[in-house]
Amino acid sequence: MAKLLVKLQRYFRRKPVRFFTLLALYLAAGSLVFLHSGFAGEPTVTGSQRGPGAGEGPGLPYLGVMQLSRGFKAVATMPEGGRRHGPWFKSTSKEPAERGKAGDYGSTRSRALRGRSGREKEEDRARYIGCYVDNTRRRTLRGVSFFDYKKMTVFRCQDNCAERGYLYAGLEFGAECYCGHKVQASNASESECNMECKGERSNTCGGVNRLSIYRLELAQESARRYGSAIFRGCFRRPDNVSIALPVSQLMLNMSVDKCVDFCTEKEYPLSALAGIACRCGFPTTLFTLHEREDEQLCAQKCAGEEFESCGTAEYLLVYQTQVQDNRCMDRRFLPTRAKQLVALASFPGAGNTWARHLIELATGFYTGSYYFDGSLYNKGFKGERDHWRSGRTICIKTHESGQKEIESFDSAILLIRNPYKALMAEFNRKYGGHIGFAAHAHWKGKEWPEFVANYAPWWATHTLDWLRYGKKVLVVHFEDLKRDLFVQLQRMVGLLGIAACEDRLLCVEGQKDGNFKRSGLRKLEYDPYTPEMRKMISGYIKTVDTALKLRNLSGVPDDYYPR
């Protein structure tokens, strides 16, 4: 063998051109094999599974269509005979080719039973409220809609509607998802919602002109957008309206766009429509935006836009413009060295970076870190470079859970998040960065099971260690912080020894997302947790719940328990 290699070496030394030619052919062959393997597994749309746009090209997978009323005017169509109350998005009135064919869907009773078991798994994020009649001319849910005739699941529909701030998500025809804030139709028999979801046969996704509707328990109201503005809701006119909303303009041809543009030009973050009057201002103690009213009270048609609502003299429709509220944007290091070290402790993936963002806005002081992350420093966390014992920062991020490390701090804010969500968030961060996503191959490969086996026990021991060894520990649940940011942030700022300025906290509410939130467009369309994983994690949840209650604290939120 050695003689053969020597002969080959001498041969190619004499004729290097042949050597490079063979090398080029080898690389070309390898590239062809790689490209072939990349395309071999692509799904194709068959003629019997056509959805909107499926005919755009043979062999291309249909990935779903999102239709919005603003910014995509060429695509959207108005529902006939209906008017919008508030920031409704338009949905298409087109029907798929096979709409009228119910087909053979097997036993209605067995399908309903399977759908019910699937719904029970969704309870942590949504509550099933029933089967409802739908009408293509006047939709039951009149918000955004999208279709996917190959991969639609209950999970995917709920997440898309919740991320956009809607209160209800409905599935129809096995592949269509509709979102809305009101259910505007009558109930139908459960047996009429009898079609399997295209992406998960164990669940029911409505029927022919029938919607399986869920109420979303954690819908993000701030995500409701109207063009460049964010819809905040319908509110009663404040008592001192000229002080609360100091700039106003009468607009006889009123529309949402005109009022939003006017307030944007005047550099105010809030735009309030009051019939023919447009008012601008900031969220303050006079107008906190905490007490929302029924949107029907604001449902007066705009003079300048038939399908929009413009509020009334007593009830204002409020939008947040693109103008940044600068009352809470100033940040600096502590003027004098801190006498006590306060930890912002959490398991990885529990929202520590987001909590730091909120604390910095609320207090005006930088937060520090037990570690150093250059990417966070570049995003504005200037305390990231300081040594964690420098005393120049208001609190210190840490994921540590050993006794020695915990006892180094004088007090702590302990941030706890649903382990199912925390594990997925940390897995995404590990393989995709702070706001990126792990690749599909990582979820389906050995990395995910190994990650869960190693990190799930740590989720429990992290909390248990801080409860055991920590001094003056304030427990904050990530879900409570999202649900009631103002109250929870007041608690956190209080532990830090800062007098909370209410106007500053109201400013934080308008800037709460920052640049640290993953887009929902690439969320997993299936549940990555196996029954074995769920059983293991459920045991850890019960252990943490018991430990919290033994210290006279509220246990874990109900939505921590497995689907």
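S369 is buried, at a relative accessible area of 2%, where buried denotes under 20% relative accessible area, exposed over 50% and partly exposed the range in between (1.4 Å probe, protein chains only). The residue belongs to strand β16 (residues 368-369); helices (H or I, at least four residues) and strands (E, at least two) are DSSP runs numbered from the N terminus. The S369 side chain comes to 3.0 Å from the backbone nitrogen of Y371. Apart from neighbours within four places in sequence, S369 has contacts with R356, G383, E384, D386, W388, I396 and K397, a contact being heavy atoms within 4.5 Å.

The model is predicted, with local features requiring pLDDT of at least 70 and side-chain atom pairs counted only at pLDDT 80 or more, whereas totals for chains, interfaces and linings use all residues. Residues are numbered from 1 along each chain as its sequence is written, and side-chain values use heavy atoms, with hydrogens and water left out. The average pLDDT of the protein chain is 79, and 74% of the residues score at least 70; pLDDT is the predictor's confidence in each residue, from 0 to 100. Residues 35-123 have pLDDT under 50, and the model holds 158 contacts beyond four places in sequence for them. The pLDDT is also below 50 over residues 219-226, a stretch with 40 contacts beyond near neighbours in sequence.

The secondary structure of the protein chain consists of 16 helices and 19 strands. Of the 563 residues in the chain, 49% are buried. Among contacts with a separation of 6 or more, 75% are between residues 24 or more positions apart.

Helix α16 (residues 531-550) packs with helix α12 (residues 447-469) at an angle of about 5°, and the two axes are 9 Å apart. Axes are lines fitted to C-alpha atoms, for helices over the stretch in contact, and angles run from 0 to 180 degrees between N-to-C directions. The two helices, α12 and α16, are therefore roughly parallel, the classes being roughly parallel under 35 degrees, roughly antiparallel over 145, roughly perpendicular from 65 to 115 and oblique for the rest. On the α12 side, the contact includes W448, P449, V452, A456 and W459; on the α16 side, it includes M533, M536, I537, Y540 and V544. The contact of α12 with α16 comprises 17 nonpolar, two polar and no charged residues. In this classification Ala, Val, Leu, Ile, Met, Phe, Trp, Tyr, Cys and Pro are nonpolar, Asp, Glu, Lys and Arg are charged, and the others, Gly among them, are polar.

Helix α16 also packs with helix α10 (residues 419-432), at an angle of about 115° and with axes 11 Å apart. Here P419, Y420 and L423 of α10 meet R534, I537, S538 and I541 of α16. Five nonpolar residues, one polar and one charged make up the contact of α10 with α16.

In helix α15 (residues 502-510), the buried residues include R504, L505, L506, C507, V508 and E509. The packing partners of the buried α15 residues are α7 (352-363) and α14 (485-495).

H477, in strand β19 (residues 473-477), is buried, with a relative accessible area of 4%. Its side chain forms a polar contact with the side chain of Y560 at 3.4 Å. A polar contact is a pair of N or O atoms within 3.5 Å; within protein, one must be able to donate a hydrogen and the other to accept it, and residues adjacent in sequence count only if both atoms are side-chain atoms. Leaving out neighbours within four places in sequence, H477 is in contact with L415, I416, L548, S554, G555, V556, P557 and Y560.

K472 lies in the loop between α12 and β19 and is exposed, at 60% relative accessibility. Phi of K472 is near 50°, a positive value in a residue other than glycine. Another positive phi, near 60°, occurs at F173. F173 is in the loop between β4 (168-172) and β5 (176-180) and is buried, with 7% relative accessibility.

R142, in the loop between β2 (126-133) and β3 (145-147), is buried at 12% relative accessibility. Its C-alpha atom is separated by 8.7 Å from that of Q184, 42 residues away along the chain. R201, located in strand β7 (residues 200-204), is exposed at 63% relative accessibility. R201 and G174 are 9.4 Å apart, C-alpha to C-alpha, and 27 residues apart in sequence.
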